[in-house]
Amino acid sequence: MSSAYNANGDNGDPGSTEGELNEWKHRAPYRVHDKAEHFNVRYEGSCHCGKVKYQLSREKPLDAKYCHCTTCQKIHGAPFQWAAIFHKEDINFTHGHHDLGWYESSEKTCVHKLPCKVSCAYCRTPIMDEGRNMILLFPTLIDFKDPADRKNFEISCHMFYPRRVLDIPDGKPKWTGINDQSDLIEDSPQEAINELKRKRHEEEEEQKKKDQKS
């Protein structure tokens, strides 16, 4: 078995599921060895060329957001990234297991190293961001059969909004960085701002109690 990384980013042997370098193919979200006969199909998605196709079983994502960071802007070639969070077990790839490419942005390497960005190695459509525990899918790849289905993917907030290239006055919470770990700004609803202040006040009071005990 060769240990060299392939040009399409598959750091395993094409067509093989055996060996240490192919271990990722046996785990969610890829499951190339699993026919998933009992997988409850709720949605279907694909890349632009159709080589990569997948199914989703969850009706609503765990969360959905617009990310305005410069990395998302550059990689997607768009003003922002529309991302929906799912468990890795919520997706089932039906085509193109060996037509995927990887990109790990911090080290800028094309190997399957988490967290990493996953794309079709043929048409280069971004498929998802794979984290250590979750995946971020891009709803524009999903074939929505009904407007109500698309509404299930409505965003809860904006992240890295100060880096935006266009204003989106939609009344959604707008964070300076990662949601719940940064500050709310501008168009954010007042109730969201008040809730953030309440949480942070509670955290400060809790920390004071811990400091007094120590």
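Student: Which residues form one aromatic cluster?
Tutor: This model is predicted: local features need pLDDT of at least 70, side-chain atom pairs count only at pLDDT 80 or more, and totals for chains, interfaces and linings use all residues. Residues are numbered from 1 along each chain as its sequence is written, and side-chain values use heavy atoms, leaving out hydrogens and water. Rings of Phe, Tyr and Trp (its six-membered ring) pair if their centres lie within 6.5 Å; planes under 30 degrees apart count as stacked, over 60 as edge-to-face and the rest as tilted. One aromatic cluster is formed by Tyr30, Tyr54, Phe93 and Trp102.

Student: What kind of pair do the rings of tyrosine 66 and phenylalanine 80 make?
Tutor: The structure holds nine aromatic pairs. For tyrosine 66 and phenylalanine 80, the ring centres are 4.4 Å apart. Their planes stand at 35 degrees, so the pair is tilted.

Student: How many residues apart in sequence are the parts that this pair ties together?
Tutor: Helices (H or I, at least four residues) and strands (E, at least two) are DSSP runs, numbered from the N terminus. Tyrosine 66 lies in strand 3 (residues 63-67). Phenylalanine 80 sits in the loop between helix 1 (70-76) and strand 4 (81-87), so the parts tied together are apart by 14 residues.

Student: Is tyrosine 66 buried or exposed?
Tutor: Buried means under 20% relative accessible area, exposed over 50%, partly exposed in between (1.4 Å probe, protein chains only). Phenylalanine 80, at 22%, is partly exposed. Tyrosine 66 has a relative accessible area of 18%, so the label is buried.

Student: What is the angle between the planes of phenylalanine 144 and phenylalanine 153?
Tutor: Both phenylalanine 144 and phenylalanine 153 are buried. Their rings lie 5.1 Å centre to centre. The pair is edge-to-face, with an angle between the planes of 65 degrees.

Student: The charged end of lysine 51 sits over the ring of which residue?
Tutor: A charge sits over a ring if NZ of Lys or CZ of Arg is within 6 Å of the ring centre and within 35 degrees of the ring normal. The charged end of lysine 174 sits over tyrosine 161, 5.4 Å from the ring centre. For lysine 51, the distance to the ring centre is 4.8 Å, and the ring is that of tyrosine 122.

Student: What is the bridge partner of leucine 56 in strand 5?
Tutor: Two strands pair if DSSP finds at least two bridges between them. An open sheet of three strands has the order 1-2-5, with antiparallel pairing. Strand 2 (residues 53-56) and strand 5 pair over four bridges. In strand 5, the partner of leucine 56 is isoleucine 91.
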